[in-house]
Amino acid sequence: METSSAPGDFGWNRGTATLVLLSFAMLIVSLDQYIVVVALPDIARDLGYSPQTLQSVISAYAVASAGFLLFGGRAADLLGRRRILATGLALYAGAALVGGLATSAGMLLVARAVQGLGGALVFPTTLALINTTFAEGPARNRALGIWGGSGAAGLVIGVLLGGLLTQAFGWEAVFFVNVVLAGPALLLAFVLIPRDGEREKGRKFDLPGALSVTLGVTLIVFALVQGPGLGWLSPAILVSAAAGLLLLEAFVFIERRSYDPLMPLRLLSNPNLVTGVVIAFLFMATFGSVLYFLSIYFQEVLGYDALQTGACFLVPTAVVVAGSTTAGRLVTRFGLRRTLAAALAVGALGAVALGLTVTPDGTYIELVPGLVALSIGDGVVFTTMFIAAATGVPDREQGIASGIASTGSGVGAAVGLAVLVLVATAGLDGHSGEQLRIATADGISTTLFVVAGGIVLTFLVALSRCPTPSEPETAPVPYQTRRC
C-alpha cells in the first residue's frame with residue numbers, strides 16, 4: 001500500500017485515505033463505550049432498569065468486547081484484515097439498529113453484547129492495518145497518532161454526542177447514529193483496503209485456543225463487572241471466576257503444544273508489547289473510567305440536563321484530540337519513556353485537581369484546569385501505549401499483537417469501572433435527597449484520588465519497564481532486543 005514519500009509526512013494518496021478510514025472506524029467503536037452514559041436515565045425509565053442493573057448497559061458491551069479481542073486480532077491475521085474489518089462493521093451497525101429498536105431490557109443487552117463483538121473485530125484489525133501499512137518509525141508513529149487521536153477522542157465525543165442526541169431525539173438516537181456512521185465506513189472498506197490475499201498455507205486458526213481464551217476472558221470480566229451487584233461471594237461470581245481461570249490455564253497449555261498457536265507465547269518476550277499491555281490495562285482502569293463518574297457528577301450533583309452534560313465535554317475533547325495527534329511526533333523526538341512519563345505525570349496532577357474541585361457546590365469553571373491536565377495525559381498516553389505494543393512485531397503477527405494490547409485495555413476498562421464504582425458508592429446507603437447529592441459528590445471526589453494513585457502506578461511502570469535506548473535506532477532489529 002502506498003505511503004508518503006517523506007518519513008512522517010502524509011500527502012493525499014491511497015495510504016492516507018486508508019488511514020482516514022481506519023481512524024474513523026476506530027472513532028466509531030471508541031465513542032460507543034460511553035455514548036450511552038448520558039442517556040442512561042432515559043433508558044432506565046423506558047425499559048425498566050433498576051439502579052443496580054443499569055450499569056449492565058455499559059458492561060454488556062465491555063464484557064463482549066474484552067472477551068473477543070484476541071479472537072478478532074488472530075482472525076485478522078489468518079482470515080484477512082479486510083474481511084474481518086467488514087464483518088465487524090456489519091455486526092456493529094446491525095446491533096446498533098436492534099438496540100435503537102429495543103423494547104425490553106433483555107433485547108437491549110443482547111444488542112450491546114453483539115456491538116461489543118463487532119467492536120472486538122474492528123479495534124485490533126484497524127490497529128494491525130495501520131502497523132502493516134506504515135513502516136516502523138516516524139511514519140508509523142505519526143499514523144498511530146492520528147488513529148490514537150480518533151480513539152481517545154471517541155471516548156469523550158461519545159459523552160458529548162450522547163448528550164446532544166438524547167436531548168434532541170431521545171435515547172434511541174444514540175444507537176441509530178452508529179448505523180449512520182458504520183454504514184459508509186463498511187462500504188469504503190471495500191474501496192480503499194486491498195483485497196485479502198490467499199490464506200497462508202499450513203497456518204491454522206487454533207480453534208481450541210480461541211474458544212478457551214475467549215470464554216476465559218469473558219467469564220473473568222463478567223465476574224469483575226457483576227461482582228459489586230451480585231456479591232463477590234455469590235455462586236454466579238465464584239463459578240464464573242473459577243471457570244474463567246481454569247479456561248485461561250487450559251489456553252496456556254494448548255498454546256504451548258500447538259503447531260500454529262492463536263497467541264505465540266514467544267511474543268510475550270517482547271518487552272515493548274508487555275509494557276504496552278500493562279499500560280493499556282492501567283490506562284483504561286484509570287483515565288478510561290473518569291468519564292463515567294464526571295457524567296454522574298454533572299447530572300446528579302450539579303443538576304445538568306443531557307445537553308448541558310454533553311457540552312461539558314467540549315474542552316476535554318479538544319485537548320484529547322490535540323494530545324493524541326501530537327503524541328506520535330513527541331515519541332519520535334523524545335522517545336517512548338520520556339513521553340509516557342511526562343504525560344502520566346500531567347494526568348495524575350489533573351486527577352488530583354479534579355478530586356479537589358468535585359464538591360457538592362462546585363462549578364464547571366473550577367473543574368477546567370483539572371480537566372485540561374487529565375485530558376492531556378489521556379490523549380498522549382492512549383497513542384503511545386499502542387506505539388509501544390507494536391514495536392518490533394513482525395507484520396504477519398500484528399493482528400494478534402494488536403489483539404493482546406487491546407485485550408489489556410478492554411479488561412482494564414471493565415476492572416477499573418467495577419472497582420471504582422465500589423469506591424464511589426461506598427457511602428451512599430441510607431441517604432436520599434440532599435444528603436444523597438452530597439454523598440455522591442464526596443464519593444466521586446474520593447474516586448478521583450484513587451484514579452490519581454492508579455496513574456502514579458502507571459507512571460512507575462513506564463519508568464521501570466520502558467527504558468530509553470542508549471543511542472538512536474536507525475534500522476529495525478529483532479524484537480527480542482528492541483526496547484521502547
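This is a predicted model: local features need pLDDT of at least 70, side-chain atom pairs count only at pLDDT 80 or more; totals for chains, interfaces and linings use all residues.
Helix α13, spanning residues 336–357, packs with helix α14, which covers residues 364–390. Their axes come within 7 Å and cross at roughly 150°. Because angles over 145 degrees count as roughly antiparallel, α13 is roughly antiparallel to α14. The crossing in which α13 passes α14 is left-handed. Sorted by class, the residues in the contact of α13 with α14 comprise 17 nonpolar, 7 polar and 1 charged.

A second pairing involves helix α8, residues 207–230, and helix α15, residues 398–425. The axes of α8 and α15 lie 8 Å apart, and the packing angle is about 15°. Since angles under 35 degrees count as roughly parallel, α8 is roughly parallel to α15. The crossing of α8 and α15 is left-handed.

On the surface, a nonpolar patch is formed by L97, V98, L101 and M107. Together, these residues have about 310 Å² of accessible area.

Note on methods:
Residues are numbered from 1 along each chain as its sequence is written. Side-chain values use heavy atoms; hydrogens and water are left out. Patches are made of residues with over 30% relative accessible area and no salt bridge: like charges are joined within 9 Å, nonpolar side chains (Val, Leu, Ile, Met, Phe, Trp, Tyr) within 5 Å. Accessible areas come from the Shrake-Rupley method with a 1.4 Å probe; for residues, only the protein chains shown count as cover. A salt bridge is a side-chain nitrogen of Lys or Arg within 4 Å of a carboxyl oxygen of Asp or Glu. Axes are lines fitted to C-alpha atoms, for helices over the stretch in contact, and angles run from 0 to 180 degrees between N-to-C directions. Helices (H or I, at least four residues) and strands (E, at least two) are DSSP runs, numbered from the N terminus. Angles under 35 degrees count as roughly parallel, over 145 as roughly antiparallel, 65 to 115 as roughly perpendicular and the rest as oblique. A crossing is left-handed if the near helix is turned anticlockwise from the far one by less than a right angle, and right-handed if clockwise. Ala, Val, Leu, Ile, Met, Phe, Trp, Tyr, Cys and Pro count as nonpolar, Asp, Glu, Lys and Arg as charged, and the others, Gly among them, as polar.
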